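Visitor: Please walk me through this model. I would like to learn how to read its features.

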Amino acid sequence: MLRGDKVGLRARHDDDIPILRAELYDDVVNSSRSEGGPWRPITPGSKDPRLVVDDKEQGSVPFSVVELDGGTLVGTAVLWGIDNHNRSAHIGLGLLPSSRGKGYGTDVVAALCHYGFVVRGLQRLQIETLSDNHAMLRSAEHNGFVREGVLRSSAWVLGEFLDEVILGLLAQDWKQGAKL
Ligand SMILES: CC(C)(COP(=O)(O)OP(=O)(O)OC[C@H]1O[C@@H](n2cnc3c(N)ncnc32)[C@H](O)[C@@H]1OP(=O)(O)O)[C@@H](O)C(=O)NCCC(=O)NCCS
């Protein structure tokens with residue numbers, strides 16, 4: 001388990017799957033804003049890679065996020081698009097609605113940075129998010145990510161085009177444990 005201050009990142013357990021499906025992926029608004037594609041329901045028992053982890057898939061590492069105090073599931077996190085030539089990857093995360101706004105997002109990004117930079121030896125991490133997702137932007141910036149660009153009207157989200165922000169963090173600029 002990867003440990004932050006308040007949350008840990010562990011492997012996906014079977015018990016996590018119905019909770020993540022009901023509270024994250026059945027939520028049309030949250031999914032439409034987070035997924036970069038049209039929402040569609042996930043059938044119970046499906047092997048959708050957002051829920052069921054394929055340990056042979058080398059390009060991404062999904063985690064379940066739990067509270068360190070008690071072990072309650074609070075969300076999901078992933079290092080994806082792992083490129084071992086350019087030594088880069090992307091970060092994604094989603095917290096259950098009742099677990100947002102408690103500082104967990106900032107903590108999850110910190111744990112993913114530790115995994116990317118220390119465990120995997122990567123040189124660059126990237127996050128893409130909607131320009132109005134202030135909680136995600138702040139969670140990233142607290143860990144040293146900087147805004148590198150805006151993709152204007154790049155995301156079709158429930159009837160309108162929205163801007164996306166690209167944030168990047170290089171290993172040499174990362175200060176482990178710092179909350180900026
Ligand atoms: C985005 C997300 C991961 C952030 O995690 P979080 O635990 O809610 O965020 P934190 O509590 O760590 O807060 C981080 C910062 O955002 C601010 N913030 C939190 N919610 C906010 C909101 N609704 N509006 C504006 N700012 C907000 C906090 O005040 C904090 O900033 P501060 O320390 O400068 O005050 C979480 O809200 C989430 O899962 N949202 C839904 C899914 C999603 O958007 N995923 C990302 C897709 S790219």
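Visitor: What percentage of the 180 residues in the protein chain do buried residues make up?

Guide: A residue is buried if 20 or more other C-beta atoms, placed from the backbone, lie within 10 Å of its own, exposed if 12 or fewer, and partly exposed in between. Here buried residues make up 31% of the 180. This is a predicted model: local features need pLDDT of at least 70, side-chain atom pairs count only at pLDDT 80 or more, and totals for chains, interfaces and linings use all residues. Residues are numbered from 1 along each chain as its sequence is written.

Visitor: Is S46 buried or partly exposed?

Guide: S46 is partly exposed, because 13 other C-beta atoms lie within 10 Å. S46 sits in the loop between α2 (28-35) and β3 (61-67).

Visitor: How many helices and strands does the protein chain have?

Guide: Helices (H or I, at least four residues) and strands (E, at least two) are DSSP runs, numbered from the N terminus. The protein chain has four helices and eight strands. Their order along the sequence is β-β-α-α-β-β-β-α-β-α-β-β.

Visitor: Which element gives the most to the shell around the ligand?

Guide: A residue counts as near a molecule if its C-beta atom, placed from the backbone, lies within 6 Å of it. α4 gives the most, with five residues. α2, β5 (88-95), α3 (104-119) and α4 (134-141) each supply at least two. Of the 19 residues around the ligand, L95, R100, G105, A135 and R138 come nearest.
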